[in-house]
Amino acid sequence: MADYMVKAITSDGAIRVVAVDTTELCNKAQKIHNLSATASAALGRALTAVTIMGGMLKSSDDAVTLQLNGGGPIGRVVAVSNGRAQVKGYVSNPLIELPLNEKGKLDVGGAIGKNGMLSIIRDLGLKEPYVGQVPLVNGEVAEDLTYYYANSEQLPTAVALGVLVDVDYSVRAAGGFVLQLLPGAMEEDIDKVEKAVAAISSVTEMLDNGKKPEDIVSQLLEGYEIEYFDNELPVYQCDCSRERTDKALISIGEKELQKLIEEDGKAEITCHFCDNVYNYTKEQLEELLKSAR
Ligand SMILES: [Zn+2]
């Protein structure tokens with residue numbers, strides 16, 4: 001079944017929720033990167049979060065990047081989405097495996113670490129991207145993102161992200177939601193929503209039991225009139241190409257390119273996001289060198 005993202009707002013404009021099923025795209029990430037169970041959960045949570053953030057972008061040409069750099073054994077976690085719900089990501093050490101944590105869950109916080117930052121980079125087609133950064137809370141991703149929203153955007157937000165990894169390393173269920181109280185929200189809305197968020201014990205359990213993102217929304221916003229808009233079908237899709245790799249090579253500059261030709265006589269560029277390999281012969285590098293001049 002295809003992944004699916006719903007966007008909802010209460011008719012009074014007080015609360016908005018974006019909920020998503022990302023099972024397929026997390027599965028694709030697992031296969032591309034050969035992720036361990038812990039790495040699958042870590043990258044899957046980041047991919048789910050960035051899918052939702054991508055769904056909140058105003059233009060389809062905009063893009064958002066989520067980076068977690070906590071000093072843990074997984075290294076860097078990077079996830080990117082554009083406004084067309086095309087999502088991609090990678091971690092530095094995809095094979096890292098840790099024992100389950102004290103709750104019996106995959107130890108995402110241990111893998112990511114908490115001595116570092118969460119960064120959100122929004123490319124809105126302006127000259128400079130917008131960069132927001134907060135210190136990590138616990139490296140579990142959802143709490144870190146909640147803290148980011150409270151701090152950088154002053155929006156009271158609840159975030160839930162989950163990835164259920166099967167014994168064969170396939171992703172059995174993945175998804176999440178972001179719920180935000182908009183400026184029109186009242187004290188009573190806050191109380192109601194807090195209870196509803198606390199009542200959802202596990203998003204992945206809901207999805208695994210055949211529930212849809214709409215079911216998550218209706219449970220969160222019970223008692224409200226709900227309007228849906230702009231639902232989307234997110235996919236794992238890399239936008240790398242030979243042309244882009246050419247440009248990247250040209251951008252290292254004439255001197256570096258000359259050095260590469262003399263010392264290696266060839267180049268092999270691997271895309272972090274999809275593991276595609278782009279090979280360059282000496283002649284092809286010499287062609288690029290002409291453009292670099
Ligand atoms: Zn790629």
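Biologist: Is Arg 172 buried, partly exposed or exposed?

Modeller: This is a predicted model, so we read computed values. Buried means under 20% relative accessible area, and exposed means over 50%. Partly exposed covers what lies in between. Arg 172 has a relative accessible area of 44%, so Arg 172 is partly exposed.

Biologist: Which residue forms a salt bridge with Arg 172?

Modeller: Start with the general idea. Side chains of opposite charge can pair when their charged atoms come close. Here the partner of Arg 172 is Asp 208. Their closest N and O atoms are 2.6 Å apart.

Biologist: Where do Arg 172 and Asp 208 lie?

Modeller: Arg 172 belongs to strand 9, residues 171–181. Asp 208 belongs to helix 6, residues 203–208. The pair therefore ties together parts that are 36 residues apart in sequence. Asp 208 counts as partly exposed, because its relative accessibility is 29%.

Biologist: How many salt bridges does the structure hold?

Modeller: The structure holds nine. Another one of them joins Arg 45 and Glu 140, with 2.8 Å between the closest N and O atoms. Look at where they sit. Arg 45 is in helix 2, residues 37–55. Glu 140 is in the loop between strand 7 (130–135) and helix 4 (142–152). So this pair ties together parts that are 95 residues apart in sequence.

Biologist: Are Arg 45 and Glu 140 buried or exposed?

Modeller: Apply the 20% cut-off for buried. Arg 45 has a relative accessible area of 13%, so Arg 45 is buried. Glu 140 has 17%, so Glu 140 is buried too.

Biologist: Salt bridges can also form networks. Which residues are linked with Asp 239 in one?

Modeller: Lys 88 and Arg 244 are linked with Asp 239 in a network of salt bridges. Take one link. The side chains of Arg 244 and Asp 239 meet at 3.7 Å, N to O. Arg 244 is partly exposed, with a relative accessible area of 49%. Asp 239 is partly exposed as well, at 39%.

Biologist: How do I read the interface? How many residues are in contact?

Modeller: Count the residues on each side, then look at the area. Eight residues of domain 1 are in contact with four residues of domain 2. Together the domains bury about 510 Å² between them. Carbon and sulfur atoms make up 64% of that area. In domain 1, Ile 32, Lys 88 and Tyr 90 lose the most area to domain 2. These three account for 71% of what that side buries.

Biologist: Which elements give two or more residues to the domain 1 side?

Modeller: They are helix 1 (23–33), strand 4 (76–82) and strand 5 (86–91). Strand 5 gives the most, with three residues. By type, the domain 1 side has five nonpolar residues, two polar and one charged.

Biologist: One last residue. Where does Gln 67 lie, and what does its side chain join?

Modeller: Gln 67 lies in strand 3, residues 63–69. A polar contact of 3.2 Å joins its side chain to that of Arg 76.

Technical notes: Residues are numbered from 1 along each chain as its sequence is written. This is a predicted model: local features need pLDDT of at least 70, side-chain atom pairs count only at pLDDT 80 or more; totals for chains, interfaces and linings use all residues. Side-chain values use heavy atoms; hydrogens and water are left out. Contact means heavy atoms within 4.5 Å. Buried area is the accessible area (1.4 Å probe) that two parts lose on being put together, summed over both. Helices (H or I, at least four residues) and strands (E, at least two) are DSSP runs, numbered from the N terminus. Ala, Val, Leu, Ile, Met, Phe, Trp, Tyr, Cys and Pro count as nonpolar, Asp, Glu, Lys and Arg as charged, and the others, Gly among them, as polar. A polar contact is a pair of N or O atoms within 3.5 Å; within protein, one must be able to donate a hydrogen and the other to accept it, and residues adjacent in sequence count only if both atoms are side-chain atoms. A salt bridge is a side-chain nitrogen of Lys or Arg within 4 Å of a carboxyl oxygen of Asp or Glu. Buried means under 20% relative accessible area, exposed over 50%, partly exposed in between (1.4 Å probe, protein chains only).
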